[in-house]
Amino acid sequence: MCKSLMKSAVAMVVIVFFMASCGYRASKETKNENMDTLKITQEWDKVFKRSDKVEHSKVAFPTRFGTIVVADMYKPKNTDGKLPAIAVCGPFGAVKEQASGLYAQSLAERGFLTIAFDPSHTGESSGEPRYVASPDINTEDFSAAVDYLSLRADVYPGCVGILGICGWGGLAINAAANDPRIKVTVASTMYDMCRVSANGYFDSMDADARYEMRQRLAEQRLADLRAGVCERAGGVVDPLPDDAPRFVRDYHDYYRTPRGYHVRSLNSNDGWNKTSVLSFINATLLNYAGEIRNAVMIVHGEQAHSRYFGEDAFKRLNGDNKELVIVPGANHTDLYDNMEVIPFDRIAMFYHKNMK
């Protein structure tokens, strides 16, 4: 035990030294080794109400790709000793001040030390160019969060889980397949971002449509270089067209209204860089999902347009420590913030049971 604690202490010193060498200080603008400027907001600027049952603070940690990930940490008040921990991220194109922070705070109320983090290249986290995503970088974000939580003195060794919302649900499953330290994984209202990028919604794209998309994106690369700036794809459409599908209206109701709008959210504003999707078209996320030995729960709304992603992902899982939860009557975005339908108690029980 003493040797283990000594190793953890040494590793924590290494991380602190790395962050210091990158110029990180949580209370002010900072620069990392890639000369990215981090602006860390200390004020409460979430789209959800602050809980009086938890303590909130800002933390940051490095990834092996050289970015610094910034997170909100939530910890139950009046607790001593070690706690199980959970890292939360998503939805895809959102920030930690939206749904992931609500999940993190709600799980902290149920006895966990949690962090909700901004993915690399977005929000308050570092990374240039801005507003890009990729399966490898974003899977690494989860593992870097596990690094950070595993070395905290107030976290039980080996009791670290992750939770991904929307597009980060698929990334969470990929992270769990790649990183056996992840004790429990929950994917809520999940997307498989590689599948939807390559095939479109409901697998409606064929090879010709993909080829045309690749041509457009290749031309966009040159246009961005000529302009010296990456063109943005646009967030959730606003104003809504009259013929907008139901699920687009649901997205608009969250991202483009006071319910969920946030100034740093890509979905609420100008969206990802157009070429960001290139990283996902030829990649796969769920190939090794069947090799995950630790516990996985997939939660989806009964009426969600994305339900097929979660059910198909669940079919790939093996073992008796996997669970599929279908929430009656819920749509995709209900599982972002509808406290009456998100099964937080059931999710918390799943973590507690499988972190033993």
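Helix H4 (residues 167–178) lies across strands E5, E6, E7, E8 (184–188) and E9, and runs at about 140° to E7. Axes here are lines fitted to C-alpha atoms, for helices over the stretch in contact, and angles run from 0 to 180 degrees between N-to-C directions. The structure is a predicted model, in which local features need pLDDT of at least 70, side-chain atom pairs count only at pLDDT 80 or more, and totals for chains, interfaces and linings use all residues. Residues are numbered from 1 along each chain as its sequence is written, and side-chain values use heavy atoms, with hydrogens and water left out.

**Overall composition**

- The chain comprises 11 helices and 10 strands; helices (H or I, at least four residues) and strands (E, at least two) are DSSP runs, numbered from the N terminus.
- Of the 356 residues, 55% count as buried, where buried means under 20% relative accessible area, exposed over 50% and partly exposed in between (1.4 Å probe, protein chains only).
- Among contacts between residues at least 6 apart in sequence, 71% join residues at least 24 apart; a contact means heavy atoms within 4.5 Å.

**The sheet**

- An open sheet is formed by 8 strands in the order E3-E4-E6-E5-E7-E8-E9-E10, with mixed pairing; two strands pair if DSSP finds at least two bridges between them.
- Its edge strands are E3 (54–62) and E10 (322–327), each of which pairs on one side only.
- Neighbouring strands of this sheet are turned by 20° against each other on average, direction ignored.
- Strands E9 and E10 run parallel and are joined by 6 bridges; Met 297 stands opposite Glu 323 in E10.

**Strand E5 and its neighbours**

- Strand E5 (residues 83–89) is largely enclosed by the rest of the structure, because 7 of its 7 residues are buried.
- On E7 (residues 155–165), E5 has a parallel partner joined to it by 6 bridges; Ala 87 has Ile 162 in E7 as its bridge partner.
- Strand E6 (residues 113–117) also runs parallel to E5, through 4 bridges, and Val 88 stands opposite Ala 116 in E6.
- E5, helix H2 (residues 99–108) and E6 make a right-handed β-α-β unit; a crossover is right-handed if, with the strands pointing away from the viewer, the path from the first strand over the helix to the second runs clockwise.

**Packing of H3 and H4**

- Two packed helices are described by the angle between their axes and the distance between the axes.
- Helix H3 (residues 135–150) packs with H4 at an angle of about 75°, their axes being 9 Å apart.
- H3 and H4 are therefore roughly perpendicular to each other, on a scale where angles under 35 degrees count as roughly parallel, over 145 as roughly antiparallel, 65 to 115 as roughly perpendicular and the rest as oblique.
- From H3, Pro 135, Asn 138, Thr 139, Asp 141 and Phe 142 meet Trp 168, Leu 171, Ala 172, Asn 174 and Ala 175 of H4.
- The residues of this contact divide into 6 nonpolar, 3 polar and 1 charged; Ala, Val, Leu, Ile, Met, Phe, Trp, Tyr, Cys and Pro count as nonpolar, Asp, Glu, Lys and Arg as charged, and the others, Gly among them, as polar.

- Helix H7 (residues 246–255) is mostly covered, with 7 of its 10 residues buried: Phe 247, Val 248, Asp 250, Tyr 251, His 252, Tyr 254 and Tyr 255.
- These buried residues of H7 pack against H2 and helix H10 (334–337).
- In helix H9 (residues 307–316), the buried residues include Tyr 308, Phe 309, Gly 310 and Ala 313.
- The buried residues of H9 pack against H4, helix H5 (193–199) and strand E9 (295–301).

**Backbone geometry in the loops**

- A cis peptide bond leads from Glu 128 to Pro 129, with omega near -5°; Pro 129 is found in the loop between E6 and H3.
- The peptide bond from Asp 238 to Pro 239 is also cis, with omega near 5°, and Pro 239 is found in the loop between helix H6 (207–227) and H7.
- Tyr 131, a residue other than glycine, has a positive phi near 65°; Tyr 131 lies in the loop between E6 and H3 and counts as partly exposed at 26% relative accessibility.
- Thr 189, in the loop between E8 and H5, has a positive phi near 45° and is buried, with a relative accessible area of 0%.
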